[in-house]
Amino acid sequence: MELFGLYNYWVFAIILMTGFYAVIAKGNLIKKLIGLSIFQSAVFLLYISMDKVDGGTAPIIQKGVIDQVYSNPLPQVLILTAIVVGISTTALGLAIVVRIKESYGTIEEHEIQELERNS
Amino acid sequence: MSLTPHLPVLQVVTPMLTAPLVVLLHVRGLPWAAATASSLFAFAIAVGLTQSVLDHGSIIYLLGSWPAPYGIELRITAFSALVLLIVTGASSLTLLAGRCSIDAEIDHERQPLFYAAWLLGLAGLTGIVVAGDAFNIFVFMEIASLASYVLIAAGPNRRALPAVFNYLIFGTIGATFYLIGVGLIYMLTGTLNLADMEARIHQVGELRPILVAAGFITLGLALKAAVFPLHAWLPMSYTYAPHIVTAFLAACSTKVALYVLLRFDFLVFQQNLLAHDIQFALFLMPLAVMAILIASGVALFERNLKRMLAYSSIAQVGYILLGASLVSVLGLTAGILHMFNHALAKGTLFLAVAALAMRFSGLRLEDFSGAGRQMPWTMGAFVLGGLSLIGVPGTAGFVSKWLLILAALDQGVLGIALIATVLISSLMAVVYIWRIVEVAYFGGATGDACRRVAEAPTWMLMVLWAAALANVVFGINPSLPMMLARQAASTLLQHSP
């Protein structure tokens, strides 16, 4: 059935929305960052799914092997870069959370807002 | 060997390579000097590129001589030249003016890292502008964003931290949406090069994924550009960032996102999606009008100087989008020209704020009452910038607003409503700028102002006045930005029916 033929893309959409929900609904800054990471990894899955060619193998040229079907290597390279970008974003986010904890003493969003209002 | 043919890549490489070197400089003053020199060099390159674009038309540069679409292509058009001038000019002016202000706000031990982040941000912003393919734009966008998070969080005010955390969440969601859109287009066309994409979408049979991609890309970039109602990250980040960082980012960062937005929507989607121009206008025009009216309205009641100007920035993004959403050459010219003019006006205003902050501890209206008498030069430049923001004839802001009104006149009844919006918002700008002028010149001295306050450092004043006078120069003779903006607009619309 075609609906399940697009299995990967369904998973992509579900993971994407799971992450998005966590970002919006959670008040804990670390949980927000976890949500953000899930949100980004959904996109990795999207790219990796699209480069799969039926019957394709890893795109490495070998001597003597001809007529081999290869998967498309370009999206894999792209997503390698995107993973690096994602990691740096998460790292920077965590560093900011550490500094928030140092100066506010909490990482709960509503408590920070309360401290701001009282000061 | 001449370096001239390699200017497009040097534009990005210069600040990017200076950044790690700056980290190593620990002698007081050297990091600033190196960063400023690098930024001025980047500005000189931008001027050279603009000259060459005006003389010979667009420049296409193939990295490593690999032919596009397989290799990476850099492309400088009239539009990119204008945005490059804005970015490198803003960075150079703010760095030149900002040494004392940065010294006052950031520890000496951390300054090398601060300047390195600044240069990486500059490299990212220029990279977005010169890149000719969608994925490089994404990578440079993230470099620029990560650097600006660092810059905003660098100040002494702890409130910058939650603000920057919010910005990071918004910015990453925007970038991820953009990435999804690019992925969908790649899936159907097998290319990332914008020019190639434009040609290949014609051959795609099923256009629905392209439509979805257009949605994702427009939304993602609108988040980065702080298009109303996706602007929530902007006021807080601008308010609590170090003053010089605010001046730099306010002058150019949202404009670069708008630049990518316009390039995608007009070059890639416009002639490939049926009735995309109408969808684009229907979606963005109401947002632009709301941005102009609501953000100006909020600025009216804001008591913190920096936050007031930040809300005014959101309104100005609305003007730029309003011009673009008219989908006519005149409208686009007005919008693109307004990018340049707003960068001038807001850059001047925020530099003046940085100068004020050198002498006054708070930036709420009541804090600097009487400042006009104590710091006449600073407030004079502020008033000039404010006049340009309002759009008084003789200043840069007038030219683009006038063009915008002319473009709206072509739209019949709808145009009248749009003109009314522009006029009302300009009146609101008169009011909120006047509130500052009133406090500064006619307010009694209280608090800080009771003691004698000296004028801001001379060097800072000179740069500030150079920026302020640029508003007048480009208001009286706008031919250079006008020519670039008009060429940019006609390129963006060349394929439209």
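Start by selecting Tyr178(B). Beyond its neighbours within four places in sequence, Tyr178(B) touches Ala134(B), Ile137(B), Phe138(B), Met141(B), Phe216(B), Ile217(B), Gly220(B), Leu221(B), Val260(B) and Phe264(B) (contact means heavy atoms within 4.5 Å). The model is predicted, so local features need pLDDT of at least 70 and side-chain atom pairs count only at pLDDT 80 or more, while totals for chains, interfaces and linings use all residues. Residues are numbered from 1 along each chain as its sequence is written, chains are lettered from A and ligands numbered from 1 in the order in which they are written, and side-chain values use heavy atoms, with hydrogens and water left out.

Buried means under 20% relative accessible area, exposed over 50%, and partly exposed in between (1.4 Å probe, protein chains only). Helices here are DSSP runs of H or I, at least four residues, numbered from the N terminus.

Next select Thr254(B), which sits in helix α10 of chain B. Thr254(B) is buried, at 4% relative accessible area. Sequence neighbours within four places aside, Thr254(B) is in contact with residues including Lys224(B), Ala225(B), Ala226(B), Trp233(B) and Tyr238(B).

One of those contacts, Ala226(B), is the next stop. Ala226(B) belongs to the loop between α8 and α9 of chain B. Its phi is positive, about 60°, although Ala226(B) is not a glycine. How accessible is Ala226(B)? Its relative accessibility is 0%, so Ala226(B) counts as buried.

Stay in the loop between α8 and α9 (233-240) of chain B and select Pro229(B). The peptide bond from Phe228(B) to Pro229(B) is cis, with omega near 0°.

Now step back to Ala214(B), in helix α8 (residues 208-224) of chain B. Ala214(B) is buried because its relative accessibility is 4%.

**Another positive phi**

Select Val327(B), in the loop between α12 (305-325) and α13 (329-359) of chain B. Val327(B) has a phi near 45°, a positive value in a residue other than glycine. Its relative accessibility of 21% makes Val327(B) partly exposed.

**Cavities**

The whole structure holds four cavities of 30 Å³ or more. On a 1 Å grid over the protein atoms alone, a cavity is a set of points where a 1.4 Å probe fits but cannot get out, and lining residues have an atom within 4 Å of a point. Points are joined across faces, edges and corners, and a volume is the space filled by probe spheres set on the points.

The largest cavity contains about 170 Å³. To find it, select Leu125(B), Ala144(B), Ser145(B), Tyr167(B) and Ser253(B), the closest to its centre of the 16 lining residues. In chain B, α4 (111-130), α5 (134-152) and α10 (243-269) each supply at least two residues of the lining. The lining of the largest cavity has eleven nonpolar, four polar and one charged residues. Nonpolar covers Ala, Val, Leu, Ile, Met, Phe, Trp, Tyr, Cys and Pro; charged covers Asp, Glu, Lys and Arg; the others, Gly among them, are polar.

The second largest cavity has about 70 Å³. Which residues line the second largest cavity? Among them are Gln40(A), Phe44(A) and Val85(A) from chain A, and Phe138(B), Glu142(B) and Thr172(B) from chain B. Helix α6(B) provides the largest share of this lining, four residues.

**The A/B interface**

Colour the two chains separately. The contact takes 35 residues from chain A and 28 residues from chain B. Together the chains bury about 3000 Å², 79% of it on carbon and sulfur atoms; buried area is the accessible area (1.4 Å probe) that two parts lose on being put together, summed over both. On the chain B side, select Arg158(B), Phe165(B) and Tyr186(B), which lose the most area to chain A, together 22% of what that side buries.

**Last stop**

Finish at Leu40(B), in helix α2 (residues 30-56) of chain B. Leu40(B) is partly exposed, at 36% relative accessibility. Its contacts, leaving aside neighbours within four places in sequence, are Ser92(B) and Leu96(B). Leu93(B) is 53 residues from Leu40(B) in sequence and 8.7 Å away, C-alpha to C-alpha.

Terms used:
1 Å grid on protein atoms, 1.4 Å probe; cavity = no way out; pocket = protein on both sides within 12 Å on 5 of 7 lines; lining within 4 Å.
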